Amino acid sequence: MPTHRQALAPSFTPREFRSALGMFATGVTIVTILGTDGQPTGLTANSFNSVSIEPPLVLWSLSRQAASMEAFRTGTHYAINVLAADQRELAERFADRNADRWRGVETTRGAGDAPLIAGAAATFECFNRSRYEEGDHVIFVGEVERCTRREGASPLLFHGGRFYTEHPL
């Protein structure tokens, strides 16, 4: 079996890659932080995943070009708000760069003053433990200081470029 010291060039286009990635169904989150200017910052992300139970670690990634990169790069705490099925409008709004994202959003303050979105299916209040620059994104690893969940909440799901809600088999 040959060993390669580098990956071979892709045999697909970026569009084909994105479409294939879209076949992996994910939950939907809004990651929030209090910016250095004291204003809340947040964005929709589906790149959330668990890393470790002990210590409790999670990860998510952010485009290097994101307007919120500086806030997340320098902030000590952020929150990952896992959205419930009834929060689709928030997911769409926080994914829109031109939207007034925080208009009418009910929040409380979590660890490090990170905004916690009311009604989320779950929240993870994270210490901004480490960052890894890979490709066109930065991978953030958070150490979870507190977490909560909304009992009985149905998740908001994303698959193939569309939102779905849970349907038990």
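**View 1. Both faces of strand E6 are covered in this predicted model.** On one side of E6 lie His77, Ala79 and Asn81, on the other Tyr78, Ile80 and Val82, and all of them are buried, where buried means under 20% relative accessible area, exposed means over 50%, and partly exposed means in between, with a 1.4 Å probe and protein chains only. Six of the six residues of E6 are thus buried. In a regular strand the side chains alternate between the two faces of the sheet. Strands (E, at least two residues) and helices (H or I, at least four residues) are DSSP runs that are numbered from the N terminus. The model is predicted, and local features need pLDDT of at least 70, side-chain atom pairs count only at pLDDT 80 or more, and totals for chains, interfaces and linings use all residues. Residues are numbered from 1 along each chain as its sequence is written, and side-chain values use heavy atoms, with hydrogens and water left out.

**View 2. Strand E6 pairs with E2 and with E9.** Two strands are taken to pair if DSSP finds at least two bridges between them. E2 and E6 run antiparallel and are joined by four bridges, with Ile30 standing opposite Asn81 in E6. Strand E6 (residues 77-82) also runs antiparallel to strand E9 (residues 122-134), to which six bridges join it. In this second pairing Ile80 stands opposite Phe124 in E9, and Val82 stands opposite Ala122 in E9.

**View 3. E9 and E10 form a hairpin with two residues between the strands.** Twelve bridges connect E9 and strand E10 (residues 137-149), which pair in the antiparallel sense. Glu134 stands opposite His137 in E10, and in the hairpin Gly135 takes a positive phi near 55 degrees.

**View 4. The largest nonpolar core has 21 residues.** A nonpolar core is here a set of buried Ala, Val, Leu, Ile, Met, Phe, Trp, Tyr and Cys residues joined through side-chain atoms within 4.5 Å. Within the largest core, the residues with the most contacts are Trp60, Phe72, Tyr78, Ile80 and Phe140. At least two residues of this core come from each of strand E2 (29-34), strand E3 (40-45), strand E5 (57-63), helix H2 (69-74), E6, E9 and E10. Apart from this core lies another, of ten residues, among them Leu83, Leu90, Phe94 and Phe163. In soluble globular proteins, nonpolar side chains tend to be buried together. If residues up to four places away in sequence are not counted, Ile80 touches Thr29, Ile30, Val31, Phe48, Val58, Trp60, Ala122, Thr123, Phe124 and Cys126, a contact being heavy atoms within 4.5 Å.

**View 5. Glu125 is a buried residue of strand E9.** The relative accessible area of Glu125 is 5%, and for this reason the residue counts as buried. The side chain of Glu125 is joined to that of Arg146 by a polar contact of 2.8 Å; such a contact is a pair of N or O atoms within 3.5 Å, of which, within protein, one must be able to donate a hydrogen and the other to accept it, while residues adjacent in sequence count only if both atoms are side-chain atoms. With residues up to four places away in sequence left out, Glu125 touches Tyr78, Gly110, Ala111, Leu116, Glu143, Val144, Glu145 and Arg146.

**View 6. Arg64 forms a salt bridge with Glu133.** The closest N and O atoms of this pair are 3.1 Å apart, and a salt bridge is a side-chain nitrogen of Lys or Arg within 4 Å of a carboxyl oxygen of Asp or Glu. Because Arg64 lies in the loop between E5 and H2 and Glu133 in strand E9, the pair ties together parts that are 69 residues apart in sequence. Arg64 is partly exposed at 34% relative accessibility, as is Glu133 at 44%. Arg64, Arg73 and Glu133 are linked in a network of salt bridges.

View 7. Arg150 is partly exposed, at a relative accessible area of 33%, whereas Asp86 is exposed, at 60%. Glu89 is partly exposed at 43% relative accessibility, whereas Arg93 is buried at 10%.
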